[in-house]
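Hi,

Here is the structure I promised to pass on.

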Amino acid sequence: MILNNKGTEDEAKDIFQEAMIVLYDKITQAEGFELSSKLNTFLYSICRRLWLKQLNRRNLSLDSIDQENLDIPDMDSALESHEAEEVKFNQMEAAMANLGEPCASILKEFYIKKKSMQEICDQLGYTNADNAKNQKYKCLQRLKKLFFDQWVKDER
């Protein structure tokens, strides 16, 4: 939300730290404090309020920001979207865990560590980069199957 509304990554981190302090203060100092929403919802609303205050301090009130391009999503839908992405991430993590070797190594080296097929070939002992590329393709197809099989299973 902050990055999409005139903020930087550092500002987003600062706002999040401030929100954590607010949460800590509420828990330790407010008698009878009871969290009546999800923790994510509570933190999101604190961050949103702190960011709007920050914009006001900078004289960038909501009136001075182009309302049509203001990207402050509805809190509930933003959290639902985040939770859905988290579920997909967990499913992908489970699929990767079930993938086995050498597939897990090939995909991690290529997609996460951004290594070339020649580097992967040399590292994992393939005869040439084309063989490594073919194996990567097969591994990717296997990962997709594991992921979508888990997705279908979870949807039932």
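Before the pockets, a word on the term: on a 1 Å grid over the protein atoms alone, a pocket is an open set of points where a 1.4 Å probe fits, with protein on both sides within 12 Å along at least five of seven lines, whereas a cavity is a set the probe cannot get out of; lining residues have an atom within 4 Å of a point. Points are joined across faces, edges and corners, and a volume is the space filled by probe spheres set on them.

Some housekeeping. This is a predicted model, in which local features need pLDDT of at least 70 and side-chain atom pairs count only at pLDDT 80 or more, while totals for chains, interfaces and linings use all residues. Residues are numbered from 1 along each chain as its sequence is written, and side-chain values use heavy atoms, with hydrogens and water left out.

**Overall picture**

The protein has six helices and zero strands, so the pattern along the sequence reads α-α-α-α-α-α, with helices (H or I, at least four residues) and strands (E, at least two) taken as DSSP runs numbered from the N terminus. Of the 156 residues, 25% are buried; that means under 20% relative accessible area, with exposed being over 50% and partly exposed in between (1.4 Å probe, protein chains only). The protein exposes about 11000 Å², and carbon and sulfur atoms supply 51% of that; areas come from the Shrake-Rupley method with a 1.4 Å probe, and for residues only the protein chains shown count as cover. Taking contacts (heavy atoms within 4.5 Å) between residues at least 6 apart in sequence, 62% join residues at least 24 apart.

**The second largest pocket**

Its volume is about 210 Å³. The lining consists of Phe 89, Met 92, Glu 93, Met 96, Leu 107, Lys 108, Tyr 111, Ile 112, Leu 140 and Leu 143. Helix H3 (75–99), helix H4 (103–112) and helix H6 (129–155) are the elements that give two or more residues to this lining. By class there are eight nonpolar, no polar and two charged residues. Here Ala, Val, Leu, Ile, Met, Phe, Trp, Tyr, Cys and Pro count as nonpolar, Asp, Glu, Lys and Arg as charged, and the others, Gly among them, as polar.

Met 92 also comes up with Phe 148: they are 56 residues apart along the chain, and their C-alpha atoms are separated by 9.1 Å. Phe 148 lies in H6 and counts as partly exposed, because its relative accessibility is 44%.

**The cores**

A nonpolar core is a set of buried Ala, Val, Leu, Ile, Met, Phe, Trp, Tyr and Cys residues joined through side-chain atoms within 4.5 Å. The largest one has 15 residues, and Met 96, Leu 99, Leu 107, Met 117, Cys 139 and Leu 143 have the most contacts inside it. H3, H4, helix H5 (117–124) and H6 each supply at least two of its residues, and H6 gives the most, with five. Another core lies apart from it, with 12 residues, among them Ala 19, Leu 23, Trp 51 and Leu 55.

Leaving aside neighbours within four places in sequence, Met 117 is in contact with Phe 110, Ala 129, Ala 132, Lys 133 and Lys 136. Ala 132 also pairs up with Asp 122, 10 residues away in sequence and 9.4 Å away in space, C-alpha to C-alpha. Asp 122 is in H5 and is exposed, at 56% relative accessibility.

**Either side of H4**

Within H4, the buried residues include Cys 103, Ala 104, Ile 106, Leu 107 and Glu 109. In the loop between H3 and H4 sits Pro 102, joined to Glu 101 by a cis peptide bond with omega about 5°. Glu 101 is in that loop too and is exposed, with a relative accessible area of 58%. The C-alpha atoms of Glu 101 and Cys 139 are separated by 9.5 Å, though the two are 38 residues apart along the chain.

And just after H4? Lys 114 takes a positive phi of about 60° there, in a residue other than glycine. Lys 114 belongs to the loop between H4 and H5 and is exposed, at 63% relative accessible area.

Cheers
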